[in-house]
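Here is a briefing on one protein model, written for a reader who is new to protein structure. Keep the sequence and the 3D view open while going through the points.

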Amino acid sequence: MNWLLRRLLALWVRYKILPEHAAAQLRDWPRPLCYVLEQRSATDLAVLEEACARLGIPKPGRLLLGGTPPLRSYLWLTQRRGLLVQRLDRRPPRQLARMIAALRSDPQLDFDLVPAAVYWGRAPHKEASWLGLFLSEDFGFASRARKLVQVLFNGRDTLLELDEPLSLRTLLGAELAGAQRGFRVARTLRALYARQRAARIGPDLSHRRTIVTRVLRTRAVRAAVAQEMRERRVTRYKALQQARGYAWEIAANYSHAFVRFMEHALGWLWNRLYDGVVFGHAATLGAVAEGNELIYVPCHRSHMDYLLLGYAIYVHGYAVPHTAAGVNLNLPVVGRFLRKGGAFFIRRSFGGNRLYTVVFMKYLAAIMSRGHPIEYFIEGGRSRTGRLLQPKTGMLLMTVRSFLADPSRPVVFVPVYFGYERLVEGATYVGELSGRPKEKESIRGLLGSWRVLRQRFGKVHVNLGEPIALAEILERHERDWRAQRWEEEARTPWLAAAVDELAERIMRNINAAAAVTPVSLLALALLATPRQALPEADLTRQLELYKSLLISFPYSNRVTVTVLTGAEIVAYGQSLRLIEREPHSLGDIVRMSAENAVLATYFRNNVLHLFALPSLIACVFASNARVSTADIQRLAWRVYPYIGAELFLHWSEAELPAVVEATLAALAAQGLIEPEPDGGAWRRPSPASAQAMQLSLLAQTTLQIIERYYMVVAQLMLAGSGTLTQPALEERCQQTAQRMTLLSGLDSPEFSDRSMFANFIALLRARGVIRAAGGGVLEYDEVLVRVAQDAQFVLSEQLRHSILQIMHS
C-alpha cells in the first residue's frame with residue numbers, strides 16, 4: 001500500500017530539499033539512521049521515502065531492530081487517537097523506548113535521529129494556485145481530509161527539510177540508565193520542530209485580540225493606566241479604553257494565507273516593474289534564523305522597501321517579519337492589508353505620551369517573546385539624497401530594553417542594503433530637495449502611482465549585511481548584564497552608550513553590503529564632469545577603473561559589483577534612457593540630460609562611501625604634483641573622522657594608516673600615481689596622460705564634501721571666535737552653498753542640504769575643535785586654524801577664492 005501511495009505521489013508532488021548538502025552529508029553515514037517525523041502521516045512518509053531514494057541515502061523503510069514487530073528506521077512524535085473524537089497523543093513513541101533499551105544492553109551501539117519536516121505549500125521560489133494559498137502550511141495538525149486537499153492544491157509547492165543527525169545516546173546523556181520512554185528526547189525534538197517551523201512560516205502568533213489582551217494585562221500598562229487616571233482625572237474605564245485604542249492602532253493582524261496570496265501578487269508586480277530582484281548573501285539567514293530573535297534593520301530608500309524585503313525573505317523559505325510602519329500609511333483599506341502582511345504602526349513622535357509609549361513597548365516585547373522576526377528602519381524616514389541618514393535610536397532602545405527584561409531568546413540584528421537602479425519616487429524626491437513641500441500619503445496618491453507600471457526600473461538588489469549579536473555589544477559595556485534585574489523604568493548609564501554603538505555598527509554594516517550597479521557607476525563617472533558628458537572611450541575606461549579599484553581595494557566581502565563590462569554598462573544605461581549618445585567624427589559623446597543628472601546624484605551617493613578614501617587621496621594630487629607619504633597620512637588623519645562619520649565608513653581610526661597604504665598601492669597599480677624611488681613620496685602622472693584625467697575624475701567624487709567642510713571653517717574664521725551661534729552658522733553655510741550652486745551650474749540637491757552642515761558642526765563640537773560658550777556662540781582656537789591650512793593643501797587656490805568671494809558678497 002505504501003509503495004502504491006509513493007508511486008502516485010511521485011506523479012504529482014514536486015518538492016525542494018533543504019539543506020542542499022543533505023545528500024552528501026547522509027549518504028555514507030557511519031551509524032544507523034532513524035528518521036523522525038513530527039506527526040503520523042502516510043503522505044509525509046511517502047514523500048520522505050521518495051526523496052531518500054532520489055538522493056541515494058538510507059531510506060526510512062530499512063530494518064533497524066529485529067523483534068516483533070520489527071522496528072523500521074522511522075518514527076512519529078505525535079499520533080491521532082480515536083475514531084469519532086480524535087485527540088493528539090503526545091506520549092513518546094514505543095519505537096523510542098525499544099531503541100533506548102537496545103542502547104542500555106549494548107554500550108557500543110548508538111542511533112542517530114534525523115528530524116525530517118514536510119511543509120505543504122511552503123517551497124521557495126514557487127507560486128501556488130489561488131485556493132492553495134489558503135491551504136498552505138501552518139501550526140495546526142492537519143486531518144486526513146485537509147492533508148488530501150493540501151496534497152492536491154499544494155503538492156507541487158512543497159519543502160522537505162532534513163536536519164543534522166542527533167545522537168540518541170548524547171540526547172539521553174546521564175539519564176540513559178533510568179530512561180524508559182524517552183520523554184526528554186521527545187521534548188527536545190518537539191522544541192526543534194517548533195524552532196524550524198517558526199523559522200520557515202513564523203511562530204504560532206495568536207489572533208490580534210489575544211495579543212492586545214496580553215499587552216493590556218501587563219504590570220507596566222496597568223501602572224500607566226493608573227497614572228493616566230490620576231493626571232487626567234478620568235475613570236479607570238476611560239483610561240483603559242484609551243490604552244486599548246492605542247493597542248489596536250499599533251497591532252498587526254498577521255495572516256499566513258494573506259502572505260501566501262501576496263507572494264503571488266508581488267511576484268506579478270516585480271515582473272512588471274523590475275528586470276529582477278537579486279537577494280544577496282541569502283545564506284546569512286540559514287546561519288542565524290533558527291533559535292534567534294531576528295531584527296531586520298534595512299536602510300530606507302523607497303516605499304517598496306517594505307514589500308521587497310518581506311518578499312525576498314519569504315521566497316527563500318523564511319518567516320515574514322513584523323514591520324514597523326509609520327502611522328501615515330494606516331490608510332483606509334491599505335492599512336488593513338498591511339496589518340495582514342505583518343505591519344504594525346508607530347507614530348512619528350510619542351510626544352511625551354507615557355501611556356502610548358508603554359503600550360507600544362509592551363506590544364514590541366510581546367511579539368519578540370513569541371519569536372516573530374521584526375523589521376524597522378532606524379533612519380526614521382526615507383533618504384531623499386541616497387546617503388544613509390543619521391540613525392534614530394528610539395526603536396533600538398526599546399528593543400534592547402525588551403530583551404534585557406526577558407533575555408530568553410538571543411537577539412541578532414540583520415542589516416539590509418537596498419540598491420535600486422531607478423526609483424518609483426524619484427521625481428518626488430527631486431521636488432522635495434528643491435524646496436517643494438513633502439507630499440502627504442493618501443489613497444488618491446496611491447491610485448495615481450499605478451502609472452509607474454508602464455515604466456522600466458531596472459534591477460533591485462537586496463543585500464544582507466553582517467549580522468550583529470546584541471549580547472556581544474552588551475558584554476563590552478557591562479559584563480554582568482545577565483545577573484542584573486531589569487525594572488520597567490530602570491535607567492542605566494551604560495545602556496545609552498551601548499545603543500549608540502549598536503546604531504553605528506548597523507549603519508556601517510549596511511554600507512558594507514552595498515550593491516554597485518551599472519547606474520551608480522555611470523552616475524559616478526558622468527557627474528564628475530562639468531557638463532555630465534564624456535567621450536565614449538574615456539567613459540568606458542573610467543568605468544573599468546572603478547570596477548578594478550573595487551577588486552584591488554575591496555571595501556568588504558559583502559559588496560556586490562555588476563558583472564557588466566564598461567561597454568556593456570554604457571549600453572545598459574542607454575536601454576534605461578539614463579544616458580544618450582551623440583555621434584561625432586572623432587568618437588561618440590555620451591551625455592546625461594540635466595533632468596537625469598539631478599536624480600543620478602541619488603545613485604552616486606548610494607556607493608559614494610566605497611570610493612571615499614581613493615577619491616580623498618586623489619584630491620590631494622589635484623593641486624600638488626608631488627606629495628610626501630607623511631603629508632598624505634596627516635591629511636587622511638585630519639579628514640577621516642568627519643568623512644568617516646558622514647558616510648559611515650567601517651574602518652577605525654587606528655586602522656587608518658594601513659588602509660591609506662593599501663589605497664596608495666591600489667592607485668599605483670592602476671597607474672594613477674607613481675612612487676618615488678625612496679618610497680617617501682608620490683607623484684601624479686603627466687597632465688597629458690589618460691591616467692591624469694582618470695585621477696581628476698576620481699577626485700571629484702568627494703570634492704563637494706571637502707568644499708562643504710571648507711565653507712564651515714571659512715565662515716567661522718571670517719566671523720571670528722565667539723561671534724556666530726550654530727543656527728546662524730548653518731544658515732550662512734546653506735546660503736553660500738545655494739549661491740555657489742546657482743553661479744556654477746552645479747545641480748546636486750544635497751550640496752546645500754542644511755542637515756549636512758549641521759552634522760559636520762556637531763562633529764567639530766564633539767571632537768573639541770569648536771565649543772559653545774555663553775549665549776550659544778561658537779568659539780575656536782589654533783586647532784581650527786590648522787584645519788583651514790590643511791584645506792588649502794587639498795582645494796585649489798581658484799576654488800578657495802571662489803568660495804570666499806561668494807561669502808564676502
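Arg577 lies in the loop between helix H23 (566–575) and strand S21 (580–582). The model is a predicted one. The points below start with backbone details in loops, then turn to strands, the nonpolar cores and a pair of helices.

**Loops and backbone details**

- Arg577 is not a glycine, yet its phi is positive, at about 60°.
- The relative accessible area of Arg577 is 72%, over the 50% cut-off, so Arg577 counts as exposed.
- Phe648 is also a residue other than glycine with a positive phi, in this case near 55°.
- The loop that holds Phe648 runs between helix H26 (629–647) and helix H27 (656–669).
- Is Phe648 buried or exposed? Its relative accessibility is 1%, so Phe648 counts as buried.
- Leu18 and Pro19 are joined by a cis peptide bond, with omega at about -10°.
- Pro19 sits in the loop between strand S1 (15–18) and helix H2 (22–26).

- Val411, Phe413, Pro415, Tyr417 and Gly419 point one way from S15. Val412, Val414, Val416, Phe418 and Tyr420 point the other way. Residues on both sides of S15 are buried.
- Which strand runs parallel to S15? Strand S11 (residues 293–298) does, and 6 bridges join S11 to S15.
- Within this part of the model, Pro298 has Val416 of S15 as its bridge partner.
- Strand S16 (residues 459–464) pairs with S15 in the antiparallel sense, over 5 bridges. Here Gly419 stands opposite His461 of S16.
- Strand S17 (residues 468–469) also pairs with S15 in the antiparallel sense, over 2 bridges. Here Val412 stands opposite Ala469 of S17.

**Tyr420 in strand S15**

- Tyr420 is part of strand S15.
- With a relative accessible area of 3%, which is under the 20% cut-off, Tyr420 is buried.
- Leaving out residues up to four places away in sequence, Tyr420 touches a set of residues that includes Tyr274, Arg301, Asp305, Lys459, Phe603 and Asn606.
- Tyr420 and Val519 are 99 residues apart along the chain, and 8.7 Å separates their C-alpha atoms.

**Nonpolar cores**

- In soluble globular proteins, nonpolar side chains tend to be buried together.
- How many residues does the largest nonpolar core have? The largest nonpolar core has 200 residues. Phe344, Tyr376 and Phe413 have the most contacts inside this core.
- Helix H28 supplies the largest share of this core, with 14 residues.
- Another core, of 27 residues, lies apart from the largest one. Tyr15, Leu33, Val47 and Trp120 are among its residues.
- Phe413 is in contact with Ile295, Val297, Tyr376, Leu396, Thr399, Glu466, Pro467, Ile468, Leu470, Leu502 and Ile506, leaving aside neighbours within four places in sequence.

**Helices H25 and H28**

- The axes of helix H25 (residues 612–622) and helix H28 (residues 690–719) come within 7 Å and cross at roughly 100°.
- This angle falls in the range of 65 to 115 degrees, so H25 is roughly perpendicular to H28.
- On the side of H25, the contact is made by Ala612, Pro614, Ser615, Leu616, Ala618, Cys619 and Phe621. On the side of H28, it is made by Leu695, Leu698, Ala699, Thr701, Thr702, Leu703 and Ile706.
- Sorted by class, the contact of H25 with H28 has 11 nonpolar residues, 3 polar residues and no charged residues.

**A sheet of 3 strands**

- An open sheet is formed by 3 strands in the order S23-S25-S24, and the pairing is antiparallel.
- Why is one side of strand S23 (626–628) and of strand S24 (674–675) left without a neighbour in the sheet? Each stands at an edge and has a single partner strand, so one side of each has no neighbour there.
- S24 and strand S25 (residues 681–683) pair in the antiparallel sense over 2 bridges. In this pair, Glu674 stands opposite Arg683 of S25.

Methods
Residues are numbered from 1 along each chain as its sequence is written. This is a predicted model: local features need pLDDT of at least 70, side-chain atom pairs count only at pLDDT 80 or more; totals for chains, interfaces and linings use all residues. Side-chain values use heavy atoms; hydrogens and water are left out. Axes are lines fitted to C-alpha atoms, for helices over the stretch in contact, and angles run from 0 to 180 degrees between N-to-C directions. Helices (H or I, at least four residues) and strands (E, at least two) are DSSP runs, numbered from the N terminus. Angles under 35 degrees count as roughly parallel, over 145 as roughly antiparallel, 65 to 115 as roughly perpendicular and the rest as oblique. Contact means heavy atoms within 4.5 Å. Ala, Val, Leu, Ile, Met, Phe, Trp, Tyr, Cys and Pro count as nonpolar, Asp, Glu, Lys and Arg as charged, and the others, Gly among them, as polar. Buried means under 20% relative accessible area, exposed over 50%, partly exposed in between (1.4 Å probe, protein chains only). Two strands pair if DSSP finds at least two bridges between them. A nonpolar core is a set of buried Ala, Val, Leu, Ile, Met, Phe, Trp, Tyr and Cys residues joined through side-chain atoms within 4.5 Å.
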